[in-house]
Structures are given as C-alpha cells and as structure tokens.
Amino acid sequence: MSQRLLKLENLLRFHTICRQLRSLGQRRALLAQWRHGFSSAYPVWTAQLYPLRRQTDMLIGAALSQYRLLATKKEERPRKPQLSSTKSKKEVEVWIGMTVKELAKAMEKNIDYIYEALLNTAIDIDSLEADSHLDEVWIKEVLRKAGMKLKWSKLKQDKVRENKDAVRRPQADPALLTPRSPVVTIMGHVDHGKTTLLDKLRKTQVATMEAGGITQHIGAFLVSLPSGEKITFLDTPGHAAFSAMRARGAQVTDIVILVVAADDGVMKQTVESIQHARDAQVPIVLAINKCDKAEADPEKVKKELLAYDVVCEDCGGDVQAVPVSALTGDNLMALAEATLALAEMLELKADTTGPVEGTVIESFTDKGRGPVTTAIIQRGTLRKGSVLVAGNSWAKVRLMFDENGKTIDEAYPSMPVGIIGWRDLPSAGDEILEVESESRAREVVDWRKYEQEQEKNKGDLKIIEEKRKEHQEAHRKAREKYGTLHWKERSFIKYLERKEQKPLKPKEKTERDSNLLPVIIKGDVDGSVEVVLNIIDTYDASHECELELVHFGVGDISANDVNLAETFDGVIYGFNVNASSVIQQLAAGKGVKIKLHKIIYRLIEDLQEELSSRLPCGVEEHPIGEASILATFSVTEGKKKVPVAGCRVQKGQLEKQKRFKLIRKGHVIWKGSLTSLKHHKDDVSVIRSGMDCGLSLDEEKIEFKVGDEIVCYEEKEVLTKTSWDPGF
C-alpha cells in the first residue's frame, strides 16, 4: 500500500513541475520578445532575466530526477513472457491402416484436402474412396505437406461390457415342488372343430366371436371340470398362416390334444401339428371329432396316422384315441379324463416360491389400459407390484385378470393370466422373468438392447465387407477397361460417360414405380402381425413386382401411418383393427388406400390382387377364323412378283383388318397383317366359312406351301396375376 502511495506522490510532483515549466517557458518567450525590442532603452531589465533562467534550470533538474525515478520503478516491474514468434506444429494421432475419412477427421480437414495432398504422388487417386485404407508412407506424406507432426497410437480395444442379463433360476429342490394343473394345447387342421371343442368344455361362445369361424389368436383358458380338477387349455389357430403361433403353443404345453375330423382325415396342418409336438417332446392325445356325422370313419383316421408314427392304443401304441363330437358334446368328459390320466403319469409339479418365470402367449395394446399380455406362469407366484422383464420390455404389474376379465390378486404355475403395466409391448413367445427392482429391470433391458445392437453391427460389418469386395472387383474391371490411360484422361472419359447418362423420363419413372408396392401392416395383437410378416417373407415374385414392407405395428391405424403411406405411395393393411372416420377422411384426401380385414386369408388375397394390379397387362390371342392353303401362285404388281395363297375358310371367318399367323406343321413361322384379301377378283374385307379366297402377306419373303394353315385372330389385354403362392 505504501509503494502505491509513493508512486502516486511522485506522479503528482512530476505533473506539478511540468505545469511550472510550461508557465516559465511562456514567460521566458515574452521576455525574449521584449528584450529584443527594447534592449537599448531599458538595460536594467536585462539584468533581471538571470534569476528567471536560474529558476528554470532548477525546475528542469527536478523534473528529470522525477522522470528517472519513475523510469526506474517501471523497469523494476516483472516482465510478462513474450509469445514465441513461431507457432508449434500441430500433433496428429494416427494408426496403421486408417482410412481417408479417419485421417481427414484426425487432421480436422475435409476429404478433398487428403486427395489434393496425394495428387502428384504415385498413388492412384481414382481408386481412393472415403473408406479406403492408407499405407504408412501416404499417411506420412499427407502430414508432411500439411506441416503437422506425426504421433502413432495403438488401436484402442473396446472395453468388455459386463453381462447384466436376467436368467432362469437353477432347478428347485424336488422336495419344494407341488402338483400343478396340466397345460394342454388343442391342435389340428382348420375347421376340424378345435374351438367348438373348447367351447363345450368351458361353456362359452368363443367360435361365434371369431371372424368366419376361424380362430385368429392363441387363447389361454383355465377350465374347471366337475371333478374339481383344472386344465389350462391353449387354443392355437389351425389355419396355414398360423404355423408359427401353433409352434409357440407347443413349446409351453405339457400335452397336445390333436383334433382330427372323422370325415376329413389327416390334412396338411394335422401333419404340421404332429411335427410341432415332436419338436417340443410333448405327448399326444388323439381326439377324433365329428363322429356324429354319417360319413365319419374313425378307423380310417387311425390308419392314416400310422404313416406319421402316431400309433393308437388299439394298434399297439401308446396314444389314447377318443372319438368325440364337439357339436353335441358326446364323450368330452372321456377326453378330459384321458388328459388328466396322462397328466398324472407325467407327475407335473412346479415351484410356487421365489421369482416368477413364465411365457408371453399373446400381447396387444388396449386403448384404455395400454400394453396388455396374456401369459402362462411356469414358476413362482405372480402378485401385484411384481417387476417383470420380457424381451426388451419390462413391467411393474398394476393389474391382473383371468380369461373372463375378472381381477385376480395372485397367479400360480399353469395359470393363464392377463398382465397390465408394461412399459412397452413384448412379443408373443418372450420369456417372462421377475427381477428385484425397477432399476434392475432397466439394466436388463439396456443389456439386451446392447446385445442386439452388437449383433446387428456384426451383421452390418459383414454386409459392408461384402459390398467393399464387390466395389473393389468392379473397380478392377473398370481399370482393365481403361487400360494404361493417364488418370486425367480416365477422368475425362468418365465425365463423358456420366454426361451421356440421361435421367429417367416421367413415363419411364412411372413404369419403374409401378413395379413397387410399399405396404404398412397393422394388427390387433403382436401374434397376428407376426403371422402376416411371416407370410410376406414367403414372397418370391420380386422379378414381377417388388414388395416393400415400410412399417408394421400393433394398434389401430393412425395419422402417422397415413402420412407414411403417402410418403412412400403405399397401401395400409389392417388386420382386426379399426380406422376412425377422421383417419379415413385424411387417407382419402391424401389418396392413400386403407384395406381392413378380419380374416387372414382375405387380407392375403387382397394383397395378391394389389400386386397383380401393379403388373403390366398380358396379351391373349382369340382366334376368329381358320383357313387352309390349297394352292400357291404369284401375281405381278409393277416390276415385282407377289406370292399369293389360294385358301378355303374352314372355321369362322377371315377379317382383313385383324392379325394373322401362318402355321406350318404345328409351328408358327409368321405373324403380321394382310396386304390384300380377294374373293375371285373382288377386294373384300371379310371371307366367311366355306368360301375360297386369295391373300398376300405384308412380308414378301415368306413362301406359301400347300397344307399350311392361316389363322385370323385378335389380341386382347388381360390382367396378369402374380405368381406368388403363399401356400393356402
């Protein structure tokens, strides 16, 4: 503080001395003028100037001393370090095998800068792409020209992420297991009476709620028998489109009841059901249905099943066969008793303690309740508040209900239950596992998504590598095409080739777009959407019309679906979903087609028709008349001779304005038009059956022979049908 005050005092003194010097300087100048003008008259005044001069010298000396003091203080200040006049070179971290794009990013330059740096080197610029790998010599060359320093680094290895997945518990101690009800799957061919059979067992009208009498979903029901015992039934659809859903039903079941109609016998889906049961290693109980019909033949069914190694007890096998009538209810209790007897032999037990394990049977989105799943509990006891994980979704159970919609508090093993509280919609068939907390559930879902992403990245890298090899091969062939031309000449030739490539005309673009059908699929439940997608996967007619799946999902058709369809010029197909009047008006205004169906094969038939409408029309030939050549001769017209055929019409009539073809020994050797058609010497336009005529063709090089046939026909455009066969 004292140093600052001293400095301020010195500045004030210096400022005061400077002011005094300035005033003395002004006075001295005035005295000098006066002395020059009056020196001779006033000599006494000259003597008075000496004290002023002495005072001035004293003030100048004081000012100089103050200036030296201030200068000394200033020099004593610490000096700031001066910046170096030369900037240090930028250091770039590089590694062996880095690509052009990676080098440009490391240097904070664009890719063109790398190309320019390598322009006058031995490397082939034309062969370089953004993902091309650079040798060490070229990396050094680029950095040298850029004036940057090189720093080699080792490739960093990805940190191995710890597995955070949830898994099933080890097998429980047999002493802790308690008996449970059997889970039974009803399988068989379409319309063989599976749903009607369940309908009688649980005394509800399920079949009447199904569109067209065909079961569209997997239904899980708990049936209580008069004896007090319970059986959980899974009703899997029998239609061909639901093969995947039937397979899923077999994977969670203990026993399969194979329903075969006594009048139809073994059908395609019957064989598939047998295969699913074998794959799941599940025993079979045979229910021969429709035995009330006059044409029923149960023995024929048993014999047909022998070809598929399904041997009934009557034939010395171990498969129980029960003749029933689902329509009248005959012998249904015998079927239930046979099922319970088999279940008793299997000694079905489960652990009712500990975290829950189960399987998602079906999933859908309810407007008022959000994502909902139907599940079968396989282990543990599910209660309200439990935290579950299934696939890439998790839930905190808010509400549980049975197959009748009644709210329940607990769900035990073998029990079907509806679960509400899912954050996202899991897929049918996903494994359900209970975890200890919501944070643990998020951790499991994050890990599963990470695993899926890693698998996807591996697949993408494989595809990229294949594309890279294809590109290198194409580039090699292009290099061979250009030979030993200089790179500038090659660039000029490529420029000319690009210039010759004309854009598609509007008509050509329309034709190209017409061979593409983008579709959006919406379904009421996850399983239904899966079925439709599985059918679309069988599409094998891309050479006729390309089928592109733009989007799929669960729930009613939304405005987003309509906007998406408008963008891709696609068609929206809805299965068991609705489109409100507002959505339909929006779609109509945008020119978007919405096609709603409640029966799966009707939707596929509609899709086939839409694909067929995108195909170019075919041409069919419709014969009008036939004539045989009886004689040949030639006539002179001007300076040339024209061959003429003398014919007799055998069938129909010949019309000059139509198309004709010449057939010789069953082979068509010419198609075209006539130049003349005469009856005797008169030109005519029509020759009817039984009349003779002479005719000449529009091609003079064709020679007629006796016995040839002339056919008059007309061409008509017909709609072409797609060759895609979905299998039903």
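Student: Which residue sits in the turn of the hairpin formed by β27 and β28, and how many residues lie between the two strands?
Tutor: The hairpin of β27 and β28 has 2 residues between its strands, and histidine 680 in the turn has a positive phi of about 60°. Strands here are DSSP runs of E with at least two residues, helices are runs of H or I with at least four, and both are numbered from the N terminus. The model is predicted, so local features need pLDDT of at least 70 and side-chain atom pairs count only at pLDDT 80 or more, whereas totals for chains, interfaces and linings use all residues. Residues are numbered from 1 along each chain as its sequence is written, and side-chain values use heavy atoms, with hydrogens and water left out.

Student: Which strands does β27 pair with?
Tutor: Two strands count as paired if DSSP finds at least two bridges between them. β27 (residues 674-679) pairs with β28 (residues 682-683) in the antiparallel sense over 2 bridges, and lysine 678 has aspartate 683 of β28 as its bridge partner. β27 is also joined to β30 (residues 692-697), again antiparallel, by 4 bridges. There, leucine 674 stands opposite leucine 697.

Student: What does the turn between β25 and β26 look like?
Tutor: Read that hairpin by its spacing and its phi: 2 residues separate β25 from β26, and lysine 665 in the turn has a positive phi of about 55°. The pairing of β25 (residues 659-664) with β26 (residues 667-672) is antiparallel and has 5 bridges. One of the facing pairs is phenylalanine 660 with glycine 672 of β26.

Student: Which strands make up the closed barrel, and in what order?
Tutor: The general idea for any regular strand is that side chains alternate between the two faces of the sheet. In this structure, 6 strands close into a barrel in the order β11-β12-β17-β15-β14-β18, with antiparallel pairing. Neighbouring strands of the sheet are turned by 50° against each other on average, direction ignored; the axes are lines fitted to C-alpha atoms, for helices over the stretch in contact, and angles run from 0 to 180 degrees between N-to-C directions. β11 and β18 (residues 431-435) are antiparallel and joined by 3 bridges, with threonine 359 opposite glutamate 431 of β18.

Student: How many salt bridges are there, and which residues share partners in one network?
Tutor: A salt bridge is a side-chain nitrogen of Lys or Arg within 4 Å of a carboxyl oxygen of Asp or Glu, and by this rule the count is 35. Arginine 169 pairs with aspartate 351, with the closest N and O atoms 3.6 Å apart. These partners are 182 residues apart: arginine 169 is in the loop between β2 (149-152) and β3 (178-179), and aspartate 351 is in the loop between β10 (349-350) and β11 (357-366).
Tutor: Arginine 379 pairs with glutamate 357 at 3.7 Å between the closest N and O atoms. Arginine 379 is in β12 (residues 370-379) and glutamate 357 is in β11, 22 residues apart. A further bridge, aspartate 366 to arginine 369, has an N to O distance of 3.8 Å. As for the network, shared partners join Arg168, Arg169, Asp351, Glu357, Arg379 and Glu431.

Student: Are arginine 379 and glutamate 357 buried or exposed?
Tutor: Buried means under 20% relative accessible area, exposed means over 50%, and partly exposed lies in between (1.4 Å probe, protein chains only). Arginine 379 and glutamate 357 are both buried. Aspartate 351 is buried because its relative accessible area is 4%, whereas arginine 169, at 25%, is partly exposed.

Student: What surrounds serine 386?
Tutor: Start with its place, the loop between β13 (382-383) and β14 (387-390). Serine 386 counts as buried because its relative accessibility is 10%. Its side chain reaches the backbone oxygen of arginine 383 at 2.8 Å. Leaving out residues up to four places away in sequence, serine 386 touches Ala395, Lys396, Val397 and Glu434 (contact: heavy atoms within 4.5 Å).

Student: What span should helix α18 have, and which of its residues are buried?
Tutor: The expected span of a helix is 1.5 Å times one less than its number of residues. For the 14 residues of α18 (residues 600-613) that gives 20 Å, and the end C-alpha atoms are 20 Å apart, which agrees. The buried residues of α18 are Ile600, Leu603, Ile604, Asp606, Leu607, Glu610, Leu611 and Ser612. Their cover includes α15 (526-537) and β20 (546-554).

Terms used:
A polar contact is a pair of N or O atoms within 3.5 Å; within protein, one must be able to donate a hydrogen and the other to accept it, and residues adjacent in sequence count only if both atoms are side-chain atoms.
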